[in-house]
Amino acid sequence: MAVFSVEQLQAVQFFSALTTDDCEQLLDRHLESSHSAEQVFVMEQDWGESVFLLCSGMAKVRSYTADGDEVVMSVLGEGDLFGEMAALDAAPRSADVVALTPVKLLKMRASPFVALLRKEVGFALALAQLEASRLRDLNQRFAIQTSDATTRLLNALAYLARKSSSADDPKSAIPPLAQRELGLMAGLSRETTSRTLSKLRSRGTLEEIEGCLRLLDLQPLVKRGLLPLGS
């Protein structure tokens with residue numbers, strides 16, 4: 001079986017500035033695994049002795065309210081790191097991680113990861129920037145939670161497209177996902193999601209080819225303040 005290499009790790013943006021020795025430490029006794037769509041591969045309240053790299057596919061980070069409603073905290077795409085919070089504070093996992101599509105994972109021991117953060121300021125800064133980016137995405141979703149259905153769905157679609165693309169492109173094709181998943185991301189019912197998708201398609205804002213969705217026109221997002229001018 002092929003073993004995940006130092007070169008493969010350095011090809012991931014988050015790890016690109018690390019030396020060969022640093023990468024070898026992170027890959028010491030690593031594990032690789034594959035999971036099918038809808039499979040839960042990290043469970044809330046598990047103890048966090050590992051950090052993970054999503055090598056391919058998409059996954060969601062989810063939790064549940066006291067009433068049993070599912071809440072999607074974030075979406076993970078190819079090259080995303082996760083599981084670092086539990087590694088840093090030695091607390092149980094704060095959420096489930098569930099495959100949205102077939103995924104491949106790299107599992108690394110937490111202790112070399114934390115040791116490297118203490119040693120390499122640049123690596124620690126890269127992690128801080130990653131967390132800031134995730135917080136910014138979460139803040140935007142929170143800020144528009146009382147907005148109209150079109151605004152919320154456009155924001156969810158652009159976010160999913162960016163996570164589907166190594167170039168962080170909001171016009172990238174989104175892999176086939178159940179409308180329920182789109183609704184969860186946007187905070188909408190399945191019926192409202194379906195109606196809003198139809199409206200966006202009829203306006204030429206969105207296309208669907210073989211189940212994949214793609215935003216054709218970003219101006220509706222710019223007008224709603226979801227993307228900067230010039231996008």
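Helix axes are lines fitted to C-alpha atoms over the stretch in contact, and angles run from 0 to 180 degrees between N-to-C directions. In these terms, H6 and helix H8 (residues 190-202) pack at an angle of about 80°, and their axes are 10 Å apart. Angles of 65 to 115 degrees count as roughly perpendicular, so H6 is roughly perpendicular to H8. The structure described here is a predicted model.

On the side of H6, the contact with H8 is made by Ala149, Thr150, Leu153, Leu154 and Leu157. H8 contributes Thr192, Thr193, Thr196, Leu197, Lys199 and Leu200. By class, the contact of H6 with H8 comprises six nonpolar residues, four polar residues and one charged residue.

H6 also packs against H7, at an angle of about 110° and with the two axes 8 Å apart. This angle makes H6 roughly perpendicular to H7. The residues of H6 in this contact are Arg152, Leu153, Ala156, Leu157, Tyr159 and Leu160, and those of H7 are Leu182, Met185 and Ala186. Eight nonpolar residues and one charged residue make up the contact of H6 with H7, with no polar residues. Leu153 and Leu157 of H6 take part in the contact with H7 and also in the contact with H8.

The remaining pairing among these helices is that of H7 with H8, whose axes come within 9 Å and cross at roughly 95°. H7 and H8 are therefore roughly perpendicular to each other. Gln179, Arg180, Leu182 and Gly183 of H7 meet Arg190, Thr193, Ser194 and Leu197 of H8. The contact of H7 with H8 holds two nonpolar, four polar and two charged residues. Leu182 of H7 is in contact with H8 and with H6, while Thr193 and Leu197 of H8 are in contact with H7 and with H6.

Helices H6 and H7 also take part in a pocket. The second largest pocket contains about 350 Å³ of space. Its lining consists of 16 residues, of which Arg141, Phe142, Gln145, Met185 and Gly187 are the closest to the centre. Two or more lining residues come from each of strand S5 (70-76), helix H5 (121-143), helix H6 (149-163) and helix H7 (179-186). S5 gives the largest share of the lining, with four residues. By class, the lining of the second largest pocket has 10 nonpolar, three polar and three charged residues. Met185, one of the residues closest to the centre of this pocket, is also part of the contact between H6 and H7.

Over the whole protein chain, nine helices and 10 strands are assigned. The C-alpha atoms fill a box of roughly 55 × 40 × 35 Å along the principal axes. For 231 residues, a compact globule would have a radius of gyration near 17 Å, and the 18 Å of the protein chain agrees with this.

How values were computed: Residues numbered from 1 in each chain as written. Predicted model: local features only at pLDDT ≥ 70, side-chain atom pairs only at ≥ 80, totals over all residues. Heavy atoms only, no water. 1 Å grid on protein atoms, 1.4 Å probe; cavity = no way out; pocket = protein on both sides within 12 Å on 5 of 7 lines; lining within 4 Å. Points joined across faces, edges and corners; volume = space filled by probe spheres on them. Nonpolar A, V, L, I, M, F, W, Y, C, P; charged D, E, K, R; others polar. Parallel < 35°, antiparallel > 145°, perpendicular 65-115°, else oblique. Contact = heavy atoms within 4.5 Å. Rg over C-alpha atoms; globule rule 2.2 N^0.38 Å.
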